[in-house]
Structures are given as structure tokens and as C-alpha cells.
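Visitor: I would like a close look at a single part of this model, please. Could you also show me how that part sits within the whole chain?

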Amino acid sequence: MTSIQILLLIAAYFGVLILISYFTGKDDSNDVFFKGNKQSPWYVVAFGMIGASLSGVTFISVPGLIEGQQFAYMQGVLGFFVGYLVVLLVLLPLYYKLNVTSIYQYLEQRFGTTSYKTGAFFFLLSRVTGAAFRLFLVALAMQYIVFEALGVPFWLTVVISILLIWLYTNRGGIKTIVWTDTLQTLAMLTCVIVAIVLIVNKLDWSIATIFSQEAFAAKSQVLFFDDVNSKIYFWKYFIGGIFITIAMTGLDQDMMQKNLTCKNPSDAKKNMFSMSVLLVFVNIIFLSLGALLFIYAEQFGVSIPVVDGKTRTDLLFPEIAMNQGLGLGLQITFLIGLIAAAYSSADSALTSLTTSFSVDFLNIEKLPKTEQKPLRKKVHIGVSLLLIIVVVIFNELEGSVVNNLFKFATFTYGPLLGLFAFGILSKRSIKDQFAWIVGLASIIITYIITELPGNFPDSFIGQYAFHWEILPLNGLITCLGLYLISTKATPNTDL
């Protein structure tokens, strides 16, 4: 495809998103923007959340994980499923009971204002970072495929991307996101399925025999129990996956805001359970594509792309889809899937960050009605500008995008996990004014512990390699710190 054809395809896709925005954003009140009037069909939310959960990270990077760890990622996916059950049974009923706009309002009712602001701050930090990483990954792929040839600098690619998101989220907010996420999920899954079918045909295999092929079996080991020091050791991935889901879904305004648009708690639970089951199968499909990509590359002599002297397995999928003659159909579906992957997470992040900052820090719900909507729109623009700046900064960083994303998230979501866990599991109150100190200290202590193996190999940790279990460790340290500043129960601890 030529650059002009690709640009026309992008314009057409965004035309559809803006059309959806037109119909869902006719009422641009704050209640619609923040809560979707609590009228979203649960099955629409469930299907759309699959795309939001996958995002550009799964679409591009998860297939690229195969070379280093085969199907080990599925160990984490099994943990995700258990984590979703915890969210469904514990957190969703709590949020509906309190009828919150921002889920961090629970912390104010349970502990006090400082804890509330601390939790909201860590969400903002985590979500800005996570959304920026995801958008950076897909913007990099877009730059590689089309904009580099047109002489467009990376920063301008990012500006255009976020401007387009702002256009279709500015009015309807979360109500628009629920429906655009559904389209984006469909686009991503269609792309992956088309790619699998075409690669399998090129290999002279059939869909029915993929899992019995020797070359596929050599790249699809799931369980790893051999080396406890390895990052892909089963219990690290599984336990880490549980807490990753609890923190990055159940304690994340971005993900929970969609759930809270359902009509009632029963519908929200149906949504969460359906999504958790479907995600297991969807991740199997993505990892299967990853194995097929590497098999295809080996058999047909396709080199893994190198960018700035660095081998980038993240870019193997776009390289094969766009440059290896598998047909115009795959090129079109890949580009639409890539765009969908970028915006299924970035658009909802922009909306949830606007919601959290407006509600948690500007107390927008307490202002006169005439002031609320203009303030929300200003915050929406400000958050858009912030994301542009952070994505451009991340372009200067090194390392695997997936590993950087989850490593950073485990540090910033840890205090959130600890605050909510202590609030739900204990009946003690805390000296609220010290909550931010505990959260910050937890991050510093956890970081020091994880740096010990590399810098002090003779320490008590030895050669242990940390992975996602950093998150529950961080949460535990936060809980211990909260206990140190806690007192006996007060009347509001029944929340």
C-alpha cells in the first residue's frame, strides 16, 4: 500500500469513530461523560473491554514475546482470570454500594482526604505512564510503516494521534468509549484471525493441525517450573497475574469506569465474568500468532527489524503483515487493527484521567452546575497535552515496551493495592495525614529490594529475578506501613 492509501484508510477509520461520537455525544453533560448515564448494555461493555485490556501492548508486543519465553505469558493470563473473579466478587459490589464517580472516593470515606488524594495521585501517575507507553508503541509502529517515508517527525505523529482521540471523546466521554471500544476490539481480532489464516496457508498447514505441528510445539511451552530464579517461573507469573489484574483493572479508574456505566451490579458482574473467560482464549490466539510469525520468519528468511541498531521483535508482526506479500487484505486489516490497538486504550485513558482529575482534585461535583462542564473540557485538553509530552519523552527510553510498562506499573500500583487491601481486609483506621509518606516509602523500599540481585549478588536475595510479583510485594509493604500508622476501628470501617 502507498502512503496516501494508508492515510485515506486512517481517515476513514476515524470518520467512523467520529460518527459514533456524534450519536453518543448529543448529550454532553458531565453525567454522560463520567458515567454514561448508567445505561450501557453489559455485553457491549464486556466485548469492548477486551480491546481495552489488550491494547497496543498485546497487539504488537505479546506476539514478540515468543522468541524469549514461548507461551509462558499464559501463566500470567491464568492469574488474570483469578484476579477478575476477585474484582467481580469484592470490588464491583463495593463501588456500586457507594455509588462513586471516581473509585478513589472509597478511600476518602474509609480513611480520609489524604489517603483519597494519595490513591488518586498514584492512579494518575500509573495511567499517564501506562497510556503513554501503549500509545508510544503503536505510534512507533505507525512511524515505521507510513509516516517516516513521508518525512513526518515522531512528535508530530503523536500530536496527530492524540488530537484525533480528543475529537471523538470530547463530548460523549465514557458513553462514546463503550461503543468505540467495541468497534476497536472487532478490528483487532479480525486482523489477528486473518493473519493466522494467511500464514498457515503459506506454511501449507491447516488450522486444524496447527497445534500438532512440530515447529509450533517447539515454540509453545506454557508451564515453567524448573528455575525459581527465572522471570518465567510459573508461580511468579501466576501470582503476579492475579495482582496485576486486581490493581490494573479493579483499582484502575480507566477500567472500572466502563463497568460502572452498566445499569446495575448484576449486569456489571456479567460483564466482568464474560470478559475474563474470553480473554483467556483471545490471549491464546495472540500467542499462537506470535509462534506462527517466528516460524514464518525462519522458513522464509525474514529478518527481525532493527531500529537504531537494536533488534525489535515488537516490529516483526508489522514487518510480515506489510512487507512480505501476504496480500492487500492483511495490510488493510493490520493497519485498522493497529490503529484500533492504539486508541482502544488511549481514548479511555484520556477520559478516565479527565474524570479522576476533575472529581478527585478539582472537586468538580461540588461546583455550581454552570461551571462544571466548561471546567471538564479544559481538563480534557490539559490531559491531552500531558500525554503528548510523556509519549515524546518515552521515545528516548530503551528496553522492551511490555517489560517497562509492567515493571513501572508494579511500583506505582503497589500503594493503591495496599491502601484498598488494608481498607477492605482490616477494621483499623489510620493517621490519614501520613498515608502519602507510606505510599512513597513503599515504592522506594520495593525498588531497592528489586535492585539487589543485579547490584549486590551476594545479598540475601541472591540471583533471584523479579517479575510481576513486585506488585504484591509492594502492596504488602504498603499494608505494613499503614499498620504502623493505624489505630483501632472507627465507625466508617464497615465500608
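Guide: Let's begin with a term: the radius of gyration is taken over C-alpha atoms, and the globule rule is 2.2 Å times the number of residues to the power 0.38. For the 495 residues here, a compact globule would have a radius near 23 Å, and the chain agrees because its own value is 22 Å. What you see is a predicted model, where local features need pLDDT of at least 70, side-chain atom pairs count only at pLDDT 80 or more, and totals for chains, interfaces and linings use all residues. Residues are numbered from 1 along each chain as its sequence is written, and side-chain values use heavy atoms, leaving out hydrogens and water.

Helices (H or I, at least four residues) and strands (E, at least two) are DSSP runs, numbered from the N terminus. The chain has 20 helices and four strands.

Pro-453 counts as buried because its relative accessible area is 11%; buried means under 20%, exposed over 50%, and partly exposed in between, with a 1.4 Å probe and protein chains only. Across the chain, 60% of the 495 residues are buried too.

For a sense of distance, take Ser-276: it is 177 residues from Pro-453 in sequence, and their C-alpha atoms are 35 Å apart in space.
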